[in-house]
Amino acid sequence: MTQFLSLLLNGISLGAIYALIALGFVIIFKASEVVSFTHGSLLLLGAYTIARLSDTLGFFPAVLVGVLVTAVAAFLVERFIINRLRGAPVISLAIVTIGVDIILLTELIRQIGPDILNVPHPWGGDSVRIGGVGISENRLIAMGVAGVLIIAFFVAFKYSSWGVAMRASAEDGEAAALMGIRQGRVSALAWVVAGVLAAVAALFLVGAPTPGVSAAAYTVALRAFPAAILGGLDSTGGALVGGLLIGITEALAAGYQEQLSFLGRGFGEVAPYVVMIIVLLVRPSGLFGTKELTRV
Amino acid sequence: MSDTLSAPAGAGRAPAAPAGSAPRRSPARLLTPLLLLAFLVVLLALPLYVEEFWLRTGFAVAGAIVGAIGLNLLVGTTGQLSLAHAFFLAVGAVSYTFISGESGGLGTRAALRGLELPPIVGMVVGVLLAGLAGLVFSPIAARLRGIYLGVASLGLVFIGVHVLNTWTPVTGGFNGRSVPEFSLFGFSFGNDDPQLFVLGVPFREAERLWYLGIVLALAAYLFARNLLRSRPGRALQTLRDSEVAASVMGVNVQAYKARVFLVSSMYAGLSGVMYALSIGSIAPESFGLTVSILYLAMIVLGGLGSVAGAALGAAFVTALPLVFQQFADVLPLVSAPGEGGINAGIAARYLFGLAIIIVVLFEPGGLAGFANRFRSRGRRSARAPGRGSPSAAPASASSTTVTDPSDPPAQGSSTR
């Protein structure tokens, strides 16, 4: 039972990180109809920047710069590429983000090389016990920060003028444009927000129990895809639920590896995708996604 | 948007091209098959002259061409974004290795199993099993639209790599296993058995596989081209433009989606077998997400929906890193493996990434669209001013039908 609770807690904390990434993914989709395959490498960019600069600048300034760099990179992608392709088919847009991803990822992996870059989190790699259930401090803080960010996001999404503008243009782009909402600006801002969220997620993703920044962080980031898809690509609440679901699934599958040994070692890394495919079979638009209706 | 951007660039050369081609159209019609024939003859004669490196690259390219044509049928023609191509490649490659491979071996290889059937059986069964895998996945695919399908198929790749890593008796596990040589009715495609000399040139594995590659790639090309010109091909294109319109026209949407998945994954299976033959061994890392993305790069660069474009793109994407590697000491900026700086694989990846972005931004028709634009400019100006009717575009210009008429309906249906 303790093991189960411990896995559950760790799963939730991992899920909170996934939810941050998935949230960025979803708002990009809502604002500019793009499924951003660039997200994994943006996250790696954030992690890399933080790891590289924290020795010279100190930890917190490095985090600030890392978040900034990632946001600016996301902004540039939107301005120079996505914005020029407004109205292009969804597949072309997805493919162009894959192109960006190839370049960015190749460069980052070349920079990182075979090493594992260490991020000197001030909270270190210690773990705490809460009523017999162990969790690393890093993950605990991640849960808190993610919670705050997510609440802030939802408040902004509901009440701020940016949130209203974005929901309006996601609802009906043309009508929103006619009401004087600048689509380009909404979309650019969405990318920036997504970049920030990805960088924050990166900060915690490379902390304990993960050893540090390596090319493998990219694969981990990819697991936010099933999270976003599972919840429904156009549902922010869905991203949250999807993230938690994927995090818990992964933690449980990894934790009960012995019992699941017939599925092979390392099943935890695949479990999110299995869950995603099963959910999509039952609900093709994800758990909370809008059903696509076709009118003739 | 993109058309208007790039049109002025080509406008300077425009007067020369139609003036040359328009009056001489009937000889040009004769010229094309002649050129193709000459090209084929050159290909057939090449093993007599060039080094082994080029022949091996050629076979790798042939394998990629088969795979790219298959993916193009799915993504380019039918509009079903799939990132699962690497998975189907793996099914083909592993099936071939398992069915034609030997059981047991030294050390860690003792656990390996194989059926030791003739390689041709392995190849056929590999293709069929890949097709079966596609067919099994197609109900999922049929339920999912557009981008949901893309990400769901992403999951298939990771599951595939996991299976490759764990199912050791069949796949060889993490380290992979070596692939049996191909042979056909007793004629081995290995280095000897029988020893073969043509005009004094020894025909060893590379030369023999070169011919195998030409035959298979040509067959794949012709099949796909004819498929697209036939009734099912038209149905698939309608499916891409609008599923509603297709079903109103009497196209059975689910059945056609299942069939195109079947055909595409069979192509992938054959490509996987050829890949295994060209490398000589299979390992999980050869069938990861990167491979799927590279295949996507091939068909985007070549031009979505165009069979010849897919072949061109495959040749470009496959050969570029190999050529870079071969000439690393001559090329500027590219360094040999082991030294610092940018090595061949990385340099090639920068180029692919950049090429994808440029193609999507400025020439959505890809290489094929580029070629077509020059060819069709003469015709269009000769026929009628303005855009001309897209439905009257000739069958051979399949990629013009991709770029021009498909986009507006796709937008209309996606906003709802």
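This is a predicted model: local features need pLDDT of at least 70, side-chain atom pairs count only at pLDDT 80 or more; totals for chains, interfaces and linings use all residues.
A crossing of two helices is called right-handed if the near helix is turned clockwise from the far one by less than a right angle, and left-handed if it is turned anticlockwise. Helix α10 of chain A, residues 224–231, and helix α11 of chain A, residues 236–255, cross in the right-handed sense. Their axes lie 7 Å apart, and the angle between them is about 130°. Angles over 145 degrees would count as roughly antiparallel and 65 to 115 as roughly perpendicular, so this pair falls into the oblique class.

Who does the touching here? On the α10(A) side you'll find A:Pro226, A:Ala227, A:Ala228, A:Leu230 and A:Gly231. Facing them from α11(A) are A:Gly238, A:Ala239, A:Val241, A:Gly242, A:Gly243, A:Leu245 and A:Ile246. Sorted by class, the residues of this contact come out as eight nonpolar and four polar, with no charged ones.

Helix α1 (residues 2–32) and helix α8 (residues 183–205) have axes that come within 8 Å and cross at roughly 170°. That is over the 145-degree cut-off, so α1(A) and α8(A) are roughly antiparallel to each other. The crossing of α1(A) and α8(A) is left-handed. The α1(A) side of the contact includes A:Ile17, A:Leu20, A:Phe25 and A:Ile28, while the α8(A) side includes A:Val186, A:Trp191, A:Leu197 and A:Phe204. In class terms, the residues of the contact of α1(A) with α8(A) are 19 nonpolar and three polar, again with no charged residue.

The unreviewed entry annotates "transmembrane region" at residues 6–27, 57–77, 89–109, 140–157, 188–206 and 262–282 of chain A. Take two of those spans and see what the model does with them. Residues 89–109 of chain A are 95% helix and 0% strand, with the end C-alpha atoms 30 Å apart. Residues 188–206 of chain A are also 95% helix and 0% strand, and here the end C-alpha atoms are 27 Å apart.

Next, zoom in on helix α4 of chain A, residues 90–112, through two of its residues. Is A:Val96 buried or exposed? A residue needs 20 or more other C-beta atoms within 10 Å to count as buried, and A:Val96 has 27, so it is buried. A:Val96 sits in α4 of chain A, and its C-alpha atom is 9.0 Å from that of A:Ser36, 60 residues away along the chain. Setting aside neighbours within four places in sequence, A:Val96 touches A:Ile81 and A:Leu85, and it also reaches across to B:Ile356, B:Ile357 and B:Val360.

Apart from neighbours within four places in sequence, A:Leu108 is in contact with A:Ser41, A:Leu44, A:Leu45 and A:Tyr48. Between A:Leu108 and A:Leu222, which are 114 residues apart along the chain, the C-alpha separation is 16 Å.

The contacts of A:Val96 with chain B lead on to the partner chain. Chain B has 18 helices and eight strands, and 46% of its 416 residues are buried. Of the contacts in chain B between residues at least 6 apart in sequence, 76% join residues at least 24 apart.

How many residues of chain B are in contact with chain A? There are 38, and they meet 40 residues of chain A. On the chain B side, the elements giving two or more residues are α6 (119–143), α7 (146–166), α13 (289–302), α15 (344–362) and α18 (407–415). The largest share, 12 residues, comes from α7(B). This side of chain B divides into 24 nonpolar, nine polar and five charged residues.

One helix pair from this meeting of the chains brings us back to α4(A). The axes of α4(A) and α13(B) are 11 Å apart, at an angle of about 120°, and the two helices are therefore oblique to each other. Their crossing is left-handed. A:Ile95, A:Ile98 and A:Ile102 of α4(A) make the contact with B:Ile293, B:Leu296 and B:Val300 of α13(B). By class, that is six nonpolar residues, no polar and no charged.

Notes. Residues are numbered from 1 along each chain as its sequence is written. Chains are lettered from A and ligands numbered from 1 in the order in which they are written. Helices (H or I, at least four residues) and strands (E, at least two) are DSSP runs, numbered from the N terminus. A residue is buried if 20 or more other C-beta atoms lie within 10 Å of its own, exposed if 12 or fewer, and partly exposed in between; C-beta atoms are placed from the backbone. Two residues are in contact if their C-beta atoms, placed from the backbone, lie within 7 Å. Axes are lines fitted to C-alpha atoms, for helices over the stretch in contact, and angles run from 0 to 180 degrees between N-to-C directions. Angles under 35 degrees count as roughly parallel, over 145 as roughly antiparallel, 65 to 115 as roughly perpendicular and the rest as oblique. Ala, Val, Leu, Ile, Met, Phe, Trp, Tyr, Cys and Pro count as nonpolar, Asp, Glu, Lys and Arg as charged, and the others, Gly among them, as polar. UniProt positions are given in the numbering used here, feature names are shortened, and annotations may be inferred rather than shown by experiment.
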